[in-house]
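Please read these points with the model open beside you.

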Amino acid sequence: MTPDMPVADVVIVGAGPEAMAIAYAFTQRGVRDVIVCAAGVGGSGPPGSTGDPGPGGGAVHCSSDVPALAAMAWAGTQLFENAAEVLGEDVGYRGCGRLVGVAAADLAALDAGIAMRRALGIEVRSADADAVAAYWPELSGRGFAGFAHEVRGGYADTRRTARAFARAARHGGAAILPCAPAVAVSATRDRVTGVRLSDGRAVAAGTVVVAAGADSPAFVAPLGVDLPVRAAREFALRVRVGRAVGERPVLVDLIGRRYLRPDGPDRLLLGMLDPAEDTFDDELAARASAHLAARLPGLPEVAPPTTFGTRRDAGPDHLPLIGSTGPDGLFVAAGCGEHGLGIVPAVGMLVADLLCDGASGRPDIPGTDFHPNRFPRQAAHRPPGARAPQPPARTRESVPDTTEPPPHIPESATRTPEPAAHAPESRVTPVREPSPDRA
């Protein structure tokens with residue numbers, strides 16, 4: 001690798017925990033010629049504002065009713081519990097537990113979910129109102145018919161998690177380019193050749209993993225891939241309650257679609273489970289504050305809250321999109337944001353397994369469940385530079401032609417490198433797993 005023309009086996013586009021966990025997982029597999037570049041087409045990466053807790057308040061939990069996701073989160077939980085030993089530094093994990101409350105109509109589903117997770121070895125059990133009151137004595141139990149108590153759930157610091165994975169990956173041999181984000185994936189007609197950076201350089205690689213969160217579709221669209229990942233904004237309020245909160249489980253209210261957790265000695269974090277409009281207005285803040293007062297009538301009058309908006313990515317069916325798509329050598333890992341931090345370590349392991357071995361290394365986490373081509377409209381691949389089919393309104397402005405550079409990229413940076421110089425045979429030999437449209 002040279003400063004002017006970096007060459008790698010794998011380039012990872014993204015700056016968030018998923019991208020760094022993928023880099024770390026590759027180094028654990030012995031693939032050390034890895035370069036990580038931030039995404040330069042949007043806001044991909046860890047939460048941007050100071051104190052932003054991240055999607056789900058940095059949640060680490062196994063509450064999914066999809067067995068593969070629950071298994072991924074369980075593997076992640078065990079890593080978070082031992083992060084200082086495994087990654088070499090603390091990620092701010094608090095294994096305080098997690099309580100999920102439901103109405104009577106959802107009680108059967110809650111019990112079925114508990115049984116499924118217990119079969120996977122996850123420590124979760126039913127809890128009644130008295131047990132919950134021992135942790136949250138201020139709680140009004142109105143409307144709740146039952147609770148699930150995930151004993152080893154909790155939350156971690158999103159930024160510290162990304163940083164810990166990045167440092168561990170760097171220690172394993174990966175390189176992280178901090179000052180020159182990627183602005184495009186380079187490709188010939190049939191395969192990727194690397195990425196272009198904002199400073200005009202090209203990074204050559206036989207495999208490109210796009211793990212840029214909600215910005216991932218913008219990276220793969222010029223290659224003819226329609227990645228159905230949408231951006232959503234999740235809002236949270238940080239409330240000072242004027243007295244010691246103490247350590248207590250995260251409380252998830254599936255009736256009101258909100259969660260509560262401690263956030264310091266005398267503060268609570270109130271988050272919304274569902275995305276809202278792109279702006280957090282006074283009315284939304286008032287409704288959230290009213291919910292807090294109704295659910296915790298035993299709290300004293302709280303100080304005016306501080307609000308945060310976290311950008312997250314989500315797939316159409318609320319499952320991640322992980323797998324190969326488009327031209328050879330292109331791989332995506334997106335749609336993970338709504339599942340919190342818990343699945344992040346397993347996302348890294350799954351990507352490394354699929355690219356190194358062609359299959360997941362764990363039978364309880366089948367990679368085929370998350371294949372990005374499972375959506376019919378996304379299965380077709382257009383070569384780079386080809387115009388999209390219908391509708392005619394999609395012109396070069398909406399579907400960029402990769403043969404012509406955007407105005408802010410030097411033309412020299414868009415030239416496809418000669419294979420011998422810039423796209424050496426990668427030591428990572430992707431085995432293209434079957435996609436649903438080819439089955």
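1. Ala-105 sits in the loop that runs between strand S4 (98–102) and helix H4 (107–119). Helices (H or I, at least four residues) and strands (E, at least two) are DSSP runs, numbered from the N terminus. Ala-105 is exposed, its relative accessible area being 72%; exposed means over 50% with a 1.4 Å probe, protein chains only. Its C-alpha atom is separated by 8.5 Å from that of Ala-145, 40 residues apart along the chain.

2. This is a predicted model, in which local features need pLDDT of at least 70, side-chain atom pairs count only at pLDDT 80 or more, and totals for chains, interfaces and linings use all residues. Residues are numbered from 1 along each chain as its sequence is written, and side-chain values use heavy atoms, with hydrogens and water left out.

3. How many cavities of 30 Å³ or more does a search of the whole structure find? It finds two. A cavity is a set of points, on a 1 Å grid over the protein atoms alone, where a 1.4 Å probe fits but cannot get out; lining residues have an atom within 4 Å of a point. A volume is the space filled by probe spheres set on the points, which are joined across faces, edges and corners.

4. The largest cavity has a volume of about 60 Å³. Its lining includes Phe-144, Asp-253 and His-291. S13 gives the largest share of that lining, three residues.

5. The second largest cavity holds about 50 Å³ of space. Among its lining residues are Trp-136, Glu-138 and Arg-243.

Terms used
Buried means under 20% relative accessible area, exposed over 50%, partly exposed in between (1.4 Å probe, protein chains only). On a 1 Å grid over the protein atoms alone, a cavity is a set of points where a 1.4 Å probe fits but cannot get out, and a pocket is an open set with protein on both sides within 12 Å along at least five of seven lines; lining residues have an atom within 4 Å of a point.
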